[in-house]
Amino acid sequence: MKHLRKLSFFLFAMVLCITALACKPAVKELTIPYTEMTWNNNLEDIKSIEGELLTTSPSAYNGTTYVFEKEYLDVIGNIKYSFDENNTLKSIGWMYSSASIDELETLYQRICSETEDSYGKCDLDTANSSKLKNSAVKANFWYLEDGNIQVLLIYAADYSVLQIQYVHPDVASENPNSAK
């Protein structure tokens, strides 16, 4: 009888552990709203979806950045796919520039709101940073397990730029606010 009780307790504990693991909330995989591409895609996949290549340039990851025209949020901007030296996709960004700061501010707020709806409150908002509060850059950052998301609005004299960028987890930076 004692063995049966121990075995029952052990089985009950195992079921609890398995249930706890199975019910653990899943980490949300990054979904990039302006492209169907994922970190597993290659340049041929991208060209087949994005169409005509506008330009290339060296990437920050010792590879090449490929730029295509892309509509997102009802405006035409550019999408940039950056690869490393091994032709592995490391960053996907969309950029739009305009002389209208009001237009960019509206788009910035919309992107931040939609990103927050999907991934929760941002980890870093420069509007709340004493160092960057009055700068010509406004930015929100999400530091996620599946990579970083950066939304930036850069003010300039002639025109301003809005950029949203998703960064591969291999090259993503850590949250500067997290405890070490």
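Author: Start with one pair in this predicted model. Glu50 and Lys70 are both buried.

Reader: What makes Glu50 and Lys70 a salt bridge?

Author: The closest N and O atoms of Glu50 and Lys70 are 3.2 Å apart. The cut-off is within 4 Å, so the pair counts as a salt bridge. The pair links distant parts of the chain. Glu50 sits in helix α2 (residues 43-50) and Lys70 in strand β2 (residues 62-72), 20 residues apart.

Reader: How many salt bridges does the structure hold?

Author: The structure holds 5.

Reader: Why is Lys90 called buried?

Author: Lys90 has 6% relative accessibility. Buried means under 20%, so Lys90 counts as buried.

Reader: How do you know that Lys90 forms a salt bridge with Asp84?

Author: Their closest N and O atoms are 3.9 Å apart. That is within 4 Å, so the label applies. Asp84 is buried, and so is Lys90.

Reader: What makes Asp170 and Lys90 a salt bridge?

Author: The N to O value for Asp170 and Lys90 is 3.1 Å. It falls within 4 Å, so this pair also qualifies.

Reader: Is Asp170 buried or exposed, and why?

Author: Asp170 has 59% relative accessibility. Exposed means over 50%, so Asp170 counts as exposed.

Reader: What joins Asp84, Lys90 and Asp170 into one network?

Author: Salt bridges that share partners join these residues.

Terms used. Residues numbered from 1 in each chain as written. Predicted model: local features only at pLDDT ≥ 70, side-chain atom pairs only at ≥ 80, totals over all residues. Heavy atoms only, no water. Salt bridge = Lys/Arg side-chain N within 4 Å of Asp/Glu carboxyl O. Helix = DSSP H or I, 4+ residues; strand = E, 2+ residues; numbered from the N terminus. Buried < 20%, exposed > 50% of the residue type's maximum accessible area, 1.4 Å probe, protein only.
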